[in-house]
Every structure is written in C-alpha cells, then in structure tokens.
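Visitor: I'm new to this one. Could you show me how to read its charged pairs?

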Amino acid sequence: MWLLLAMLMIMPYETNPHFYLADNLLGVFPDFTVIKALGLVGFAWAGLRLAAGDAAGRLMSARPARLFLLFLGVVALVAVAHGTGFRYSISRFLGFLVFLPFVVVAVRSELDMRRVLQALVLSYVLVLPYGVRQMIRFGDRLGVGLYEANYLATILVLLVPLAFVLGAQQRLPSRRLLWTGAGLVLVLMVFLTSSRGGFVGLLTAGMVFVYRRRGFGAALGVLALLLGGVLLLPTDLGSRALATIFQDGGPAPAGLEQSNRAHVALFWAALRMIADNPVFGVGPLNFKELSTLYTGLDQGNIAHNSFLEVAAEFGLPALAVFLLLMASAFRTLGRVTRLTGSAQARELAGWAEGLRSGLIGFLVAGWFISAQYEKVLWLAIFLTIVLGALAERRRRWDAAAVAADEEPAAPVELTPVPEPVS
C-alpha cells in the first residue's frame, strides 16, 4: 500500500528530468521513469501474492478487468497485423497491465481505498506551487514545464468531484473546509490551464455531480458559477473560449485560429482513416504520420480525440471493446452509488459518485484530446474494480449485522474473514 501511495504522490512530476531513468527498459518500457520502476516492483510483489493464492486474484475476473484484458488483446492483434511489435502505444498499455494486479492486491479495504483517493487528490493539489513557478518561468499556461496543459486539465477534471466528496464526508469542520478548499484549488487549476476541452469536461462533471446530490436547480447554479468564472477570472480561458464561439468577434489569441482549423481537419481525417481501415485501423502510432495525407496540413498531429484515435489506429472492434469497458465501469459505479444504510456504506457510495462524475468529465474532455494513455484514467478504472468488490462485501456485512441486531462493522480486507452470524 505504501509503495502505491508513494507512486501517486510523485505521479504529477513524472516528466521531471530528475525522475527520468533511461530511454528504454528491455525494449518494452520506453521513457523509463521512477514511477515505472516502482510500478514494476509493485507488480512483482502482487504477482508473488497472486501466485500464493491471494484472494484478490478473483478481482482479475471482474467484468471491467476482463474487458480491459480483451482490449489489450485486440490492440496486440492489431500490432501483429501491422507488424509494429512493441511500439510506444503498445508499451503504454502493457504498462497499465502491470499496474492492474498491483492495484487490486494493494487496495484491500475501505481504509486503503480512502488513503488512495486522498493521496490522488492531494498529489495534484500540492503540485500547484511548482506548476505556478513553471507557469511564470515559461510565461505560459499552467502545465507548461510540468505536463502538457490540456492533459493536466483532463486529469484535474477527474479529481474535482472526489475532492468535494472527501470534504462532504469529514466530521470535523476544519477538515471539511480543507478538503473543500482542495476541490476549489483543483477547479482554479483547470482555469489556469486555459484548456477549452478541460473546461467543458469540468462543466459536465460539476453539473452531473451536483445534479445527483442537489437536483437540477443546483446544477444550473454550478453552470452559471463556472461560466461566470470564465468571464471574470484573469486567465486566457475566457478569451480562448469566446474567440472559439464568436470567431468574427475580433483578433483571436496567438495560435488559436490555427489550432481550431487543425482540430476540424483532424476530426474529418480520423473519420476517413476509419472508413479506409475499419477493422485493423491504420496501426499503432500511425495516425500522426498519416494525418498529413488526410488533412492536407503541413504538420502531422494526433487526433485530439480519444475515441476517434482508438478507432483510427486500432479499428472499430477495439473502439467497441473500449466503450464496453467504460460502460462496465460506469455500471459498477452506479451499483455502488445505490448503497445505503451504515456510515461505511454511504462513504463507499460517495466515493463511487465522485469517481463516476469525474470519469464522465474526463471522457467528455477526452473528446477534444487523445487521453487514452493517461494513467489516472486507468487507475480510476482499476479502483472501480476494487470499489465494486468492497461494496458487495459491505452489503453482505451490513445485511448480516442487521439480521443479528448488531452494529455494522468494517471488514478489514477483501480476503475471507468470519461473517457476522445471527
């Protein structure tokens, strides 16, 4: 568990040169960093536990896990068909495969889940001072010199609802204020990235989250508040958004017009690639190389759309499995959000609602960037697998405790332990 928490706390700094170890490891893991090294250590530890018959191994057969493995299988088949071998995109997905058993073995209890979610939120809140320092140093948006601004915004969108859930669950007013403040800091960071796709994802995540908890009127209030923030806060987001909507409203920020034209051209290029190669796609990492043939632009680029890039590079079958995987994760989270009864059950339901709203916002933002390789996305999917198992265990424990007229108690682990008896 502590190894996983250490990974989460340094995850925002992965591109820092001090965490860079080698160009490649064994020809499988390119851009080998400290985080990947820790992940391999965690994978080795988890593998030993699973080989010894650890009960967490049954989580590898959960529907989202099976769909993830099927998705990797389709991607590998496409790579073989195109003769690309372990190219960068395949290696990235293999890295996530290493991460899956590490997460399901390490996160064994409700306490572990709380620690992981808290560490995930705190890691990106605490990166703000360094991010602002790099922002001032380069005279650009938040994320430059730390990470790519649009991808950083998408990650932050996934975490914002979780921060507010953690705040709402605190019993002490001081802690509630601190976690709510963390959520507001993440919102501010999305604004500082000036990412239009990230902001649309934030709008979606915020409205879905508040609608589920407070109703339609409160969701409209969040919409008005965020739109007002775009107009009032002194960031580039307002000018970029307004210039995109009102394209004849005056001079646009530098590079924005070219960016808009490229996004439109890449959208149609992706559709034409899919039409030309619907089953096996154009091959891993070939979108950028081939994009100039389809767009007529001088410079090649990625699709800036997670779904279209998956379909264009790996084919429509891969996209179908990817969508089924996302739907399965949402189904699991939806089931957990319906937990009621004990305080522990309501806590699990809150975490599920935060993850579900954040994932919705992430995928909406992913319509504007190619975010299918982001670690936080796959971490959220893997945590969903564990959360579903914890919720099922909690449901059985609470039912048995009610039957025995006892106070519901939190099971320590997902491994078999004596159940309350009536």
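This is a predicted model: local features need pLDDT of at least 70, side-chain atom pairs count only at pLDDT 80 or more; totals for chains, interfaces and linings use all residues.

Visitor: Is E14 buried or exposed?

Guide: The general idea is that under 20% relative accessible area means buried. E14 has 15%, so it is buried.

Visitor: What does E110 pair with?

Guide: Here's the general idea: side chains of opposite charge can pair when their charged atoms come close. In this model E110 forms a salt bridge with R394, with 3.2 Å between the closest N and O atoms. Since E110 lies in helix α5 and R394 in helix α17, the pair ties together parts 284 residues apart in sequence. Both E110 and R394 are buried.

Visitor: Where do R356 and E353 lie?

Guide: Both are in helix α16, 3 residues apart, which is about one turn of the helix. R356 counts as buried at 14% relative accessibility, and so does E353 at 6%.

Visitor: How many salt bridges are there?

Guide: The count comes to 10. R49, D54 and R108 are linked in a network of them.

Visitor: Which residues form the positive surface patch?

Guide: That patch is made of R63, R66, R331, R335 and R338. Helices α3 and α15 each give two or more residues to the patch. R331, in helix α15, is exposed, with a relative accessible area of 61%.

Terms used: Residues are numbered from 1 along each chain as its sequence is written. Side-chain values use heavy atoms; hydrogens and water are left out. Patches are made of residues with over 30% relative accessible area and no salt bridge: like charges are joined within 9 Å, nonpolar side chains (Val, Leu, Ile, Met, Phe, Trp, Tyr) within 5 Å. Accessible areas come from the Shrake-Rupley method with a 1.4 Å probe; for residues, only the protein chains shown count as cover. A salt bridge is a side-chain nitrogen of Lys or Arg within 4 Å of a carboxyl oxygen of Asp or Glu. Lys and Arg count as positive and Asp and Glu as negative; His and the chain ends are not counted. The place of a charge is taken as NZ of Lys, CZ of Arg, CG of Asp or CD of Glu. Helices (H or I, at least four residues) and strands (E, at least two) are DSSP runs, numbered from the N terminus. Buried means under 20% relative accessible area, exposed over 50%, partly exposed in between (1.4 Å probe, protein chains only).
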